[in-house]
Amino acid sequence: MEYEIKPQEKISLGLKELWQYRELFFFFTWRDIKVKYKQTVFGFAWAVFQPLLMMAIFTVFFGGSSQEGLPYEVFSLSGLILWNVFSTGLSNAGNSMVTNANIIKKIYFPRLIIPISAVLVSLFDFVMAFIIFIPFLIYYHIHVSLLFPVMLIVGLLITAVSTFGVGSLLAALNIKYRDFRYVIPFMVQAMLFLTPVIKTPPDRWKYILAVNPMYSAIELFRSGFNDKPLEYNLLAISITSAILFFVIGLYYFRRTESYFADLA
Amino acid sequence: MKPILEIKNIRKKFDIVHNRQPYLSLRDSMAALFKQSGSTAEEFYALDDISFNVNEGESIGIIGKNGAGKSTLLKILSKITPPTSGSIISRGRVASLLEVGTGFHPELTGRENIFLNGSILGMKQKEVKSKFDEIVDFSGTEKFLDTPLKHFSSGMQLRLAFSVAAFLEPEILVIDEVLAVGDAEFQKKCLGKMEEVGKSGKTVLFVSHNMGAVLRLCSRAVLINEGKIVADSDVQNVISQYYTLNESVMDQVLLSERKDRKGNGKCKFQKVWFTNKEGKVVNGFQSGDYVEINALVKAEDPNFERDLYVSVSFCNALNERMFSLGSGLLNKKVHINGLTEVKWIIDKLQLAPGEYMGDLFLFETIGGYDMYDMMEQVFRFVVDEGDFHHSGQLQSKGRDMFFVEFDVTSRQIPLNK
């Protein structure tokens, strides 16, 4: 095995190397999940409590009427569990380089593993929350279409791709400009209102709002069990922007990662 | 055979920015677009044209003062940071140990941390599993395996950390000062383990300030100073060059500035320095070395002329007196007039490795009356492990304070029935 260490010239995806280090994905994800729920009485149940409590609060203040043909509880919970993948994934990925600075400075491994693991952790939370979501569908006698699994998977895919894209971009920026530590929580909060989680935003803005990939990810997910027709041009906008974020995030991360250890 | 590592013209540049906050912020970056830069950047080469080859199976010590660039070199070798120019060709898997316990998480148990740390260091899960018992055994923490790491004592954490790292099996092992862990007994164990690694035919690059450890583990050493290679040859040779590197505070302690002195002040010690066999100024020795202590005495009055006793005393780190070299013991006085250089000669240094301090005295009558000048703790003096008995055995710290030349004999005594 012969290789050369020299100043960075071209940027590659480094897929081969990621594959060599595949076990590390598991270990970082496993560590973060373990640590997240260590020394808590309720353990993994917290992954479920959080969206349930939020749903309860939203229902008290905004509930009453149905949204998109769904009872408000189902509407907000379905939005929340997917939104949480994005919001926790984004803030964890965005801060991941800074929180793992001590490792980055002392040992080499493909840096991409860290933000990807952060996204995987939030997907794990989704699985836990989704298990609680199913009884809601049954209790409210929601008609679930046969295409639901497809909608779920595609919706999750858009979510994961865009979370990783924006997350890795923020992670790389954050290590250089610590300003982003303050930008991230603000951004996540603001975006919550621009995404159909609490209520559907006004129709006239929809083409602009669809630039936010989570807009269609949530709409797509819901279309598996509501009767609102899916707007394909909105979906196209969201998917394009998700891919764009993914490419930009990945490119910027790979381009700057070799200097992370000097900046951290 | 081709060398396992070819390091060619490595340079690493850092920009030192003056007149600005030490961290980057977006505001500054944006503001810099609009104004003529008020801050000045200075280029600093942490490494400047470093080249050397490492052959398979060699153990190389990399030594140098703090800030010489040793750690930067190791970081480049382990791909943590890229070089600014130059290249390194590596023909083996590099595992680097720049710190023990990288990635240890306090909330996870000992067992979990072994797996996590092993994986971060590049071990496959299978490897960790197969060596798990050995790792635990070596660390001596089996009782606490399922306790969160935060409840471990810091010594136990370090032991566990070193144990995981000790069972790495790369072709090239890069180690930075990890020996400074645990108690004396465990340190010995670590050193032994690393000796074993070196003997098993692996290539080892070892950075340390512990000259004894370097001497024990390495056959060759590279001395780096201010980013450049100063020496690259057999380890004993390079270590003696290391001592000649001027460390401004240590080599020629300026005493003329000191106020905390006793005595009538008619003449004063100006400076103290150490020289080795070749007459070079050094700031450290090994047990068994030839040592010269030099001091400069200046009389305040140019017409002053008198014979005085001089003495230098050595104290250990606890300020306990080790021995004194009083000229009175030899019935000698030195003639002081104008500027005088006094020299004490120790043929064979008997002090055990450690750090020592010294006091200087200048007086007229034995008993310490008529003190002309006297100062405590005028110098610091490092003694490293050395081959005191010329037996090939390094005398380590242990509990001994001194080494004494001796011999052992034996004879058989017939039993009377």
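**Local backbone, helix packing and chain contact**

Asn9(B) is placed in strand 1 (residues 5–18) of chain B. The model is predicted; local features require pLDDT of at least 70, side-chain atom pairs count only at pLDDT 80 or more, and totals for chains, interfaces and linings use all residues. Residues are numbered from 1 along each chain as its sequence is written, while chains are lettered from A and ligands numbered from 1 in the order in which they are written. Helices (H or I, at least four residues) and strands (E, at least two) are DSSP runs, numbered from the N terminus.

Asn9(B) is not a glycine, yet its phi is positive, at about 50 degrees. It counts as partly exposed because it has 14 C-beta neighbours inside 10 Å. The cut-offs are 20 or more other C-beta atoms within 10 Å for buried, 12 or fewer for exposed, and partly exposed in between, with C-beta atoms placed from the backbone. Asn331(B), also not a glycine, has a positive phi of about 55 degrees. Asn331(B) sits in the loop between strand 16 (321–326) and strand 17 (334–336) of chain B. With 8 other C-beta atoms within 10 Å, Asn331(B) is exposed.

In chain B, the axes of helix 3 (residues 110–120) and helix 5 (residues 154–166) come within 10 Å and cross at roughly 40 degrees. Helix 3 of chain B is therefore oblique to helix 5 of chain B. Angles under 35 degrees count as roughly parallel, over 145 as roughly antiparallel, 65 to 115 as roughly perpendicular and the rest as oblique. Axes are lines fitted to C-alpha atoms, for helices over the stretch in contact, and angles run from 0 to 180 degrees between N-to-C directions. From helix 3 of chain B, Gly110(B), Asn113(B), Ile114(B), Asn117(B) and Gly118(B) meet Leu160(B), Ala161(B) and Val164(B) of helix 5 of chain B. Contact requires C-beta atoms, placed from the backbone, within 7 Å.

The contact between the chains takes 35 residues from chain B and 29 residues from chain A. On the side of chain B that touches chain A, helix 2 (70–77), strand 4 (85–90) and helix 3 of chain B each give two or more residues. Strand 4 of chain B gives the most, with 5 residues.

Chain A holds 12 helices and 1 strand. Its C-alpha trace spans about 65 × 45 × 35 Å along the principal axes. Buried residues account for 42% of the 264 residues in chain A.

Terms used: Two residues are in contact if their C-beta atoms, placed from the backbone, lie within 7 Å.
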